[in-house]
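Hi everyone, thanks for coming. Let me bring the structure up on the screen, and then we can walk through it together.

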Amino acid sequence: MMMRNLLCIGIMAVFVCSININAVSGQLSSTFYDKSCPRAQSIVKRVVKQALAKEKRMGASLVRLHFHDCFVSGCDGSILLDDNATFTGEKTAGPNANSARGFDVIDTIKTQVEAACSGVVSCADILTIAARDSVVELQGPTWTVMLGRRDSTTASLSAANNNIPSPASSLSALISSFKGHGLSTKDLVALSGAHTIGQSRCAFFRTRIYNESNINAAFATSVKANCPSAGGDNTLSPLDVVTPIKFNNKYYGNLKIQKGLLHSDQQLFNGGSTDSQVTAYSTNQNSFFTDFAAAMVKMSNISPLTGTSGQIRKNCRKAN
C-alpha cells in the first residue's frame, strides 16, 4: 500500500491510481464499480424490474441461473455461454435443458451496461446482481452484493450434469453437494427457500407425486392434474402452491405438511437433521431472510475468477 501511495504522487499517478486494488488482490468488493461503472447496479435493477413486470416467474429463473452458474466451476458466468466448436456448454445439461431461462434478460442488461461502460462489468457480476434484485422485487430480503468477478472463456456440459444437485437427491447427497462447494447444512436449508418462488417441470417431480408416500394426498392429486404419469414433461407446477410469486417463508410451512413438490424439497423435513431448521424458518420469516441473504453472499463467492483470470465478456453468450 505504501508503494502504491508513492507511485500515486509522480507521473505514474494516472496509470497506477486507476488500477482497482481489489482486482489486483483478487478480492471481491461492494464498491468495485463505483468509479469504473457507477450506473451498473441501477441498470441491472431497472431491467430486472421491467422483466418481472412482464412475468413474475422470471425472478425465480434469474435466481436459478445464478445458482446453477456458481455450482459449476464457480460463479464465472459459464452457464451463459452458447456451444461452439471448442466445447459443449452447460445449457443442454440435464438440470438446465428446457428449464434454464432468463438468458434474454441478461443479454438486455449486458447491452445496456456495455453502452454505459464498455468492457468493464462482467456477466458473472450481472448474474449476481440480477439474482439479488429479483428477490427484492418479489418482496424478499436484500443484501450487499460483492463484485469484481470475471468471466470464464469456457463451459462444461459434464460438470453441469455432475455438480448441480438433482431434484431426486437424498438429504445426505444434498448436504454432501453443498459441503463440496463450501456451504453448510444451514446454508442448504436457507438457500432451498428460494423454492418459495418459481415453477418446476413435471419431469422433475413425477416420480414423487406418483410413487412416494411422504406426500399430502390431496396435494399429490391436485398436482397430478397438471402432470400425467407419462408424457407432459414440460408442464409446470409452482414449487410453492401457496404464494408462488412472492418471496416469503411459506415454502417451509409446506414442507411441514408434506407439500414439498420435489423429492429433494421434502427431504429437508422428513425426520432428519434439518427438520428443526425448517420448523424455525416456518415460524420466523425474519430469521429465514437473514440466513438466506447471508447464504447468497457466501454462495456468490464460490471460486470467482478475479484479477487477471478470465475476461470481461462483451457478449455474455460467447468469449471475446
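Helices (H or I, at least four residues) and strands (E, at least two) are DSSP runs, numbered from the N terminus.

Now, where this comes from. What you see is a predicted model, where local features need pLDDT of at least 70 and side-chain atom pairs count only at pLDDT 80 or more, while totals for chains, interfaces and linings use all residues. Residues are numbered from 1 along each chain as its sequence is written, and side-chain values use heavy atoms, leaving out hydrogens and water.

With that in place, to helix H16, residues 285-299. The expected span of a helix is 1.5 Å times one less than its number of residues. Which residues of H16 are buried? They are Phe 288, Phe 289, Asp 291, Phe 292, Ala 293, Ala 295, Met 296 and Met 299. Those buried residues pack against H5, H7, H10, helix H13 (250-256) and helix H15 (275-283), where contact means heavy atoms within 4.5 Å.

Next, helix H6, residues 103-116. H6 has 14 residues and reaches 20 Å from first C-alpha to last, close to the expected 20 Å. Its buried residues are Phe 103, Val 105, Ile 106, Ile 109, Lys 110, Val 113 and Glu 114. They cover an arc of only 165° around the axis, which puts them on the same side of H6; the arc is that of the directions from the helix axis to the C-beta atoms. Thr 111 and Ala 115 are exposed, on the face turned away from that buried side. As for partners, the buried residues of H6 pack against helix H4 (40-54), helix H5 (57-70) and helix H7 (123-137).

On to the loops. Glu 90 lies in the loop between H5 and H6. Is Glu 90 buried or exposed? Buried, with a relative accessible area of 1%. Leaving aside neighbours within four places in sequence, the contacts of Glu 90 include His 68, Asn 96 and Ala 160.

His 195 is a residue that UniProt, in an unreviewed entry, marks as "binding site"; UniProt positions are given in the numbering used here, feature names are shortened, and annotations may be inferred rather than shown by experiment. His 195 sits in the loop between helix H10 (185-192) and strand S1 (199-201), and is partly exposed, at 25% relative accessible area. Not counting residues up to four places away in sequence, His 195 touches Leu 239, Asp 240, Tyr 251, Leu 262 and Asp 265.

Finally, let's zoom out. The chain has 16 helices and 2 strands. Its radius of gyration, taken over C-alpha atoms, is 21 Å, close to the 20 Å that the globule rule gives for 320 residues, so the chain is as compact as a globular protein of that length; the rule is 2.2 Å times the number of residues to the power 0.38. Buried residues make up 48% of the 320.

How values were computed: Buried < 20%, exposed > 50% of the residue type's maximum accessible area, 1.4 Å probe, protein only.
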